[in-house]
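Subject: Structure for your review

Dear colleague,

My notes on it follow directly after.

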Amino acid sequence: MYLNQFLLLAAFLFSVGVYGVLARKNGVLVLMSIELILNAVNINLVAFGAFHDTVAGQVFALFVIAVAAAEVGVGLAIVLLIYRNRHSIDLSEVDLMKG
Amino acid sequence: MHAVLAAAQTLKAPDLDYFALAPEIVLTAVLVGILLLDVFVDETRKYLVTQVAGLGLLVSLVPVVALAANGADRSMLGGAYVVDNFALLVKALFLATGYVVLLMSSDYIGEGDYYEGEYSFLLLSSLLGMMVMGSSRDLITIFVALELLSIPAYLLAGWRKRDLRSNEACLKYYLLGVLASAVMLYGMSLIFGATGSTVLRTIGREVGGSVGEEPIVTLGIFFIVVGFAFKVSAVPFHFWAPDTYEGAPTPVTAFLSVASKAAGFVALLQLVYIGFFGREEVWGPLFWVLAALTMTVGNLVALRQTNVVRMLAYSSVAQAGYILVPFAVAGSNPAANATAQTAALVYLLIYAAMNLGAFAIVMAVARKTRSAEISSYGGLFTYAPGLTLLMSVFLFSLAGIPPLAGWFAKLYIFESALDAGTAAAVTLAVVAGLNAVIALFYYSAVAKEMWMRPVPDGDTTPIPVPPALAAALAFTAIVVVAVGVYPQAFARLGDLAQLTLR
Amino acid sequence: MLAATKVDVAVFGASAVIVLAGAIGVVISANPVHAALSLVMTLFGVAVLFVAQEAHFLAAVQVIVYAGAIVVLFLFVIMLLGVDRRENVAREELRGQRPIAFLLGIATIAEFVLLTRGTSWVTGAESVVGPASGPGANVETLARSLFTRYLLAFEITSVLLVIAVVGAVVLARRPPPERPEEPEPLAVPERLHTPQLDDAAPVPATEVPAP
C-alpha cells in the first residue's frame with residue numbers, strides 16, 4: 001500500500017473521464033464522465049490528506065461533492081431545455097454556429 | 001449526546017472580521033432581498049427588482065470604499081481570506097462592471113419575455129462569487145468562488161430559452177466550464193498533495209522550497225493553468241468563447257467577456273504570485289506560449305468576421321492574450337514582477353470599461369437594425385452621430401490609439417515586458433506590437449463602415465437610446481477618455497494595489 | 001500510521017478493479033442506463049477506498065449524495081428523455097476536441113512517467129492507511145474543521161446550492177400558458193438571431209436555417 005497506488009488509480013480514472021468527455025456525444029453521458037474526473041480528484045485528495053495527516057483533504061473532497069451536486073442539477077436542467085427545443089441531446093447536432 | 005455537547009463547548013468559533021466581510025454580507029442580503037421581492041412583485045412591475053438590484057450593488061460599494069479608506073490589510077481564517085488593496089480594487093471593479101451590465105440589460109431584459117427577477121438574482125450571485133474570488137487566498141475558497149461565479153453565468157448564457165443559439169451557447173459554455181474546473185481541481189489536488197496545505201501562502205513557501213522540485217508540483221501547476229486558460233478563453237482553449245458570446249443575450253456576453261474573464265485573471269494572479277512564485281520556470285514558458293498564441297489567433301480570426309458580436313468575441317480573446325503577457329514575463333526579475341502585476345491589473349480595469357462600452361453600442365444599434373452584422377452599421381454617422389463617435393472611441397481604445405485609455409494599458413504591457421529584459425520577453429513584446437497593428441485593421445473596418453459607407457436600407461430614423469443604456473455609455477466613455485487623458489492617477493491605483501505577498 | 005496488511009492490499013486491489021471497470025463502463029456503454037449503473041459501481045468502489053483510509057463520513061456522503069442523489073437525478077433525466085436512444089459510439093466527434101485529447105493524453109502519460117520514475121517521495125511513501133489525526137472521531141474532526149477554518153467556503157457553498165435550485169427551475173420550467181397571448185409590447189425586443197420557437201411545436205434540428 002503506497003500513496004503511489006492511489007495516485008495511479010486516480011490518474012487512470014482521470015484519463016478515462018477525459019476520454020469520456022471527449023468521445024461521448026450524449027450530453028448526459030458527458031456529464032457522467034465529468035463525475036469520473038471529480039472522483040479521481042477526490043481519491044487524490046483523501047489519499048494526500050491521509051498522507052499528510054491533515055483533515056483538509058477530506059474537507060476539500062466534501063466541497064467537491066457538494067459543488068458537483070449543484071453542477072449536475074444545473075447541467076441536467078440545461079440538457080432538458082435543449083431536449084425540449086430540439087428533441088435530441090446529441091452534442092454533435094448542437095452546432096449551429098461555426099467557430 | 002453528552003459527547004456531542006461536550007464537544008460543542010470546546011468548539012471555538014472562528015474569528016470573523018465582519019467589517020472585512022461587509023461587502024459580501026451586504027451583497028448576500030441584497031440577493032436574498034431581490035429573490036423575495038421577485039416573488040411578491042407582480043408581472044408588470046418586475047423592473048422594481050432590477051432597480052433594487054442596482055441600488056444594492058451601489059450600497060455594497062460603500063463598505064468597499066470604507067475598507068479602502070481604513071487601509072489596513074485584514075486576514076482571517078488562517079490566511080484563507082485576505083482583504084488587502086488588491087482585493088478591494090478588484091471588488092470595486094466587479095461591482096462597477098456589474099452595475100454597468102445591469103444598466104445595459106434593464107431594457108433588454110424587460111422588453112423580451114425573459115425572467116427579469118431571476119436575471120438580476122443570477123447576475124448578482126455571479127458578482128458575489130467574483131467578490132469572494134478577489135479575497136480568496138486558499139485553494140478551497142478559490143474553487144468554491146469560481147463555481148459560485150460560473151454556475152449563474154452558465155445559466156445566464158441560456159437566458160433566451162427558446163432560441164436554439166442561446167441553448168447552444170449555454171450548453172457549450174457549461175460543458176467546457178465544468179470540464180475546465182474538473183481539470184483545475186485535479187491540478188489543485190496534486191498541489192495540495194505536494195504541499196500538504198490549501199492556503200496559498202503556505203503553498204508558496206513549500207513550492208519555493210525543496211518540495212517545488214517534485215514533478216507533481218509541475219503537473220499541478222500545469223493542470224491549474226490549463227483550467228484557468230479555459231476560463232479566460234486563452235488559445236487553444238478558446239473555441240467555446242465565440243459561439244457562447246454570439247448565442248448568449250448581448251448584455252450577458254458583455255458580462256462574460258469582461259467580469260467573468262477578469263475573475264479568471266484575478267484567480268490566476270493570486271495563484272501565480274502567491275502560490276507558485278518559486279517555480280517561474282514552469283509557468284513562465286506556459287504563459288508565454290498561451291499569450292503569443294492567444295493574441296495572434298484571436299486577432300487573425302477577428303479579421304475575417306462579418307458579425308460585430310463575433311468580432312468583439314475574437315477581439316476579447318486577443319485582449320486576453322495581451323493580459324497574459326505580464327504573466328509570461330513576471331518571473332524574470334523583481335522589477336518586472338511588480339510592473340507585471342500592475343500592468344495586468346491596469347489592463348483589466350481599462351479593458352472592462354472599453355469592452356463594456358463597445359457592447360453597449362452594439363445593443364443600442366441592434367435596437368433599431370436588429371442585426372449585428374457589420375454591414376448593418378453602414379452610414380451610422382448620418383443618423384446616429386453620437387453613437388458613431390462613442391463607438392469609434394471604444395474601438396480605437398481597444399486598438400490602443402494614443403489619447404485613449406487602451407493606449408495607456410498597452411503601454412504598461414510593453415513596459416512590463418521591457419522591464420523583464422530577457423530575449424523571450426522582448427520577443428513577446430514584438431509579437432504584441434505586431435498584433436496591435438493587425439487589430440487596427442478590423443477595428444477600423446467597423447469605423448469605416450460607420451463613417452463612410454451609405455445606409456444599407458436607406459432608413460435614417462434616429463435610434464432611441466433608453467436612459468439606462470445611455471448612462472452605461474456615458475460612464476464607460478468617461479472612464480475611457482479620462483484615463484487616456486490623465487493616466488497617472490490610474491497607474492498609481494494599480495501600484496497601490498499590489499498583492500500582499502508573504 | 002498503520003502498517004499495510006495483506007487485507008488492505010486486497011481491499012485496495014478489489015476496489016480499484018471495481019472503480020476502473022465501472023469507469024470504463026461509463027465511457028463505452030451504448031445504453032445510457034447501463035452507463036449510469038456503471039457510474040454507481042465506480043462510486044461504490046471509491047467509497048470503499050475512502051473507508052479503507054478511515055474517511056468514514058466522506059464514504060457515507062459519497063454513497064448518499066453521489067450514488068443516492070446524483071445518479072438518481074441522472075437516471076430521472078435519462079428516463080424522461082427515453083431510454084431507447086442508443087448512441088452510435090463510432091461516429092465523428094465534436095469539432096475541435098482532437099487537439100485537447102492529444103494534449104491531455106500527453107500530459108497524462110507524462111504524469112505516469114514522472115510518478116513511477118522513483119526519485120520522488122511520492123513513489124516511496126509508505127502506506128497511507130491511517131486516520132487523520134486530531135481529537136475525536138472522523139466526523140467530529142471534519143465538522144470542527146468545516147465550521148471553523150472552512151466556515152466561509154461552507155457558507156458560500158450553501159449560497160451556491162440555492163442559486164443552482166433557482167437557476168435550474170427557471171431553465172427547466174415551461175412558460176405559463178397565458179403568457180404567449182399577451183400583446184407584444186410596442187418596442188419589439190431585439191432578437192439578433194433566429195426566430196422564436198414555440199415550445200409546444202418544437203422544430204427538428206434539421207429544419208433550422210443555417211447561419
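How many residues of chain B are in contact with chain A? In this predicted model, 34 residues of chain B are in contact with 34 residues of chain A. On the side of chain B that touches chain A, at least two residues each are supplied by α6 (139–157), α7 (164–195) and α10 (240–247) of chain B. The largest share comes from α7(B), with 17 residues. By residue class, the side of chain B that touches chain A divides into 20 nonpolar, seven polar and seven charged residues.

Helix α9 (residues 215–231) and helix α11 (residues 250–275) of chain B pack at an angle of about 160 degrees, and their axes are 9 Å apart. Angles over 145 degrees count as roughly antiparallel, and α9(B) and α11(B) are therefore roughly antiparallel to each other. Their crossing is left-handed. On the α9(B) side, the contact is made by B:Ile224, B:Phe228 and B:Lys231; on the α11(B) side, by B:Gly264, B:Ala267, B:Leu268 and B:Leu271. The residues of this contact comprise five nonpolar, one polar and one charged.

Some points of backbone geometry also deserve a note. Most residues other than glycine have a negative phi, and most peptide bonds are trans.

- The peptide bond from B:Val235 to B:Pro236 is cis, with omega near 5 degrees. B:Pro236 lies in the loop between α9 and α10 of chain B.
- A:Asp53, which is not a glycine, has a positive phi of about 60 degrees. A:Asp53 is placed in the loop between α2 (27–51) and α3 (56–86) of chain A. With 15 C-beta neighbours inside 10 Å, A:Asp53 counts as partly exposed.
- B:Leu77 is likewise not a glycine, yet has a positive phi of about 55 degrees. The loop between β1 (74–76) and β2 (81–83) of chain B holds B:Leu77.

Is B:Leu77 buried or exposed? Since 20 or more other C-beta atoms within 10 Å make a residue buried, B:Leu77 is buried because 21 other C-beta atoms lie within that distance.

With kind regards

Note on methods: Residues are numbered from 1 along each chain as its sequence is written. Chains are lettered from A and ligands numbered from 1 in the order in which they are written. This is a predicted model: local features need pLDDT of at least 70, side-chain atom pairs count only at pLDDT 80 or more; totals for chains, interfaces and linings use all residues. Two residues are in contact if their C-beta atoms, placed from the backbone, lie within 7 Å. Helices (H or I, at least four residues) and strands (E, at least two) are DSSP runs, numbered from the N terminus. Ala, Val, Leu, Ile, Met, Phe, Trp, Tyr, Cys and Pro count as nonpolar, Asp, Glu, Lys and Arg as charged, and the others, Gly among them, as polar. Axes are lines fitted to C-alpha atoms, for helices over the stretch in contact, and angles run from 0 to 180 degrees between N-to-C directions. Angles under 35 degrees count as roughly parallel, over 145 as roughly antiparallel, 65 to 115 as roughly perpendicular and the rest as oblique. A crossing is left-handed if the near helix is turned anticlockwise from the far one by less than a right angle, and right-handed if clockwise. A residue is buried if 20 or more other C-beta atoms lie within 10 Å of its own, exposed if 12 or fewer, and partly exposed in between; C-beta atoms are placed from the backbone.
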